[in-house]
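Here is a briefing on the fold.

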Amino acid sequence: MATWNSRGLRGSGLEDLINYTIEAYREKKLALIQKIPTPIKPIQIDKEHNHITLAYFDQKSTVDYIGTVQGIPVCFDAKECRTDTFPLANIHEHQVKFMEDFEKQGGVSFLIIQYTGRDEMYYLTYDRLAEFYDRSRTEKGRKSFTYEEIDKDYRVNRDGSALVHFLPLLQKDLDRRD
């Protein structure tokens with residue numbers, strides 16, 4: 001009889017759900033979004049098994065995903081949070097700067113945050129992220145934001161094959177800007 005091995009599920013998580021969703025969006029011709037791999041520099045390679053055994057991050061990455069939705073450039077990052085307090089240290093300064101520059105070029109930047117303890121996901125607009133980030137940079141500024149501060153109107157739902165159905169929230173973000 002086979003036994004369950006929890007190690008087999010490692011790597012499953014928010015990014016897997018998003019990857020499945022963006023593939024469904026692509027198939028329906030709703031969006032073309034790519035996962036951006038984090039660049040690494042291999043240090044040791046196991047030639048017998050042909051895999052990297054030691055590496056380090058070669059350069060700072062930008063965001064997790066970049067693409068276009070019906071002609072609208074989008075970039076976003078996916079973050080998981082186990083508690084109701086999200087530490088802003090989980091979002092690097094170069095990522096916030098990239099998102100800011102992307103917005104200045106006419107694109108839409110956002111975060112998708114999964115509160116794993118609540119089994120809830122939210123779309124965090126760039127404007128709201130920038131508010132939290134700016135607040136954290138003051139001398140006595142809070143270095144996190146709470147679940148209570150998240151706009152519950154931006155809750156990400158599932159819809160058929162779109163396990164992280166963020167397109168309606170992107171539309172809400174765009175409508176708010178007009």
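The notes below go through the sheet, its strand pairs, the helices and an aromatic pair.

This is a predicted model: local features need pLDDT of at least 70, side-chain atom pairs count only at pLDDT 80 or more, and totals for chains, interfaces and linings use all residues. Residues are numbered from 1 along each chain as its sequence is written, and side-chain values use heavy atoms, without hydrogens and water. Helices (H or I, at least four residues) and strands (E, at least two) are DSSP runs, numbered from the N terminus.

**Sheet**
- Seven strands make an open sheet with mixed pairing, in the order β1-β4-β5-β7-β8-β10-β11.
- Two strands pair if DSSP finds at least two bridges between them.
- The edges are β1 (31-35) and β11 (162-165); each has a single partner strand, so one side of each is left without a neighbour in the sheet.
- On average, neighbouring strands are turned by 30° against each other, direction ignored.

**Strand pairs**
- Strands β4 (residues 65-69) and β5 (residues 72-81) run antiparallel and are joined by five bridges.
- Thr 68 has Pro 73 in β5 as its bridge partner.
- β8 and β10 are antiparallel, with two bridges.
- Met 121 stands opposite Val 156 in β10.
- β10 and β11 also run antiparallel, joined by two bridges.
- Asp 159 has Ala 162 in β11 as its bridge partner.

- Contact means heavy atoms within 4.5 Å.
- Axes are lines fitted to C-alpha atoms, for helices over the stretch in contact; angles run from 0 to 180 degrees between N-to-C directions.
- Helix α1 (residues 14-27) lies across β1, β4, β5, β7 (108-115), β8 (120-125), β10 (155-159) and β11, and runs at about 100° to β11.
- Helix α3 packs on the sheet, where it touches β7 and β8; its direction makes about 85° with that of β8.

**Helix pair α2 and α3**
- Helix α2 (residues 93-104) packs with helix α3 (residues 126-136) at an angle of about 140°, their axes 11 Å apart.
- That makes α2 oblique to α3 (under 35 degrees is roughly parallel, over 145 roughly antiparallel, 65 to 115 roughly perpendicular, the rest oblique).
- From α2, Glu 93, Val 96, Met 99, Glu 100 and Glu 103 meet Tyr 126, Leu 129 and Tyr 133 of α3.

**Aromatic rings**
- Rings of Phe, Tyr and Trp (its six-membered ring) pair if their centres lie within 6.5 Å; planes under 30 degrees apart are stacked, over 60 edge-to-face, the rest tilted.
- By this rule there are 13 aromatic pairs.
- Tyr 65 and Phe 76 form a stacked pair, 4.8 Å centre to centre with 15° between the planes.
- Tyr 65 lies in strand β4 and Phe 76 in strand β5, eleven residues apart.
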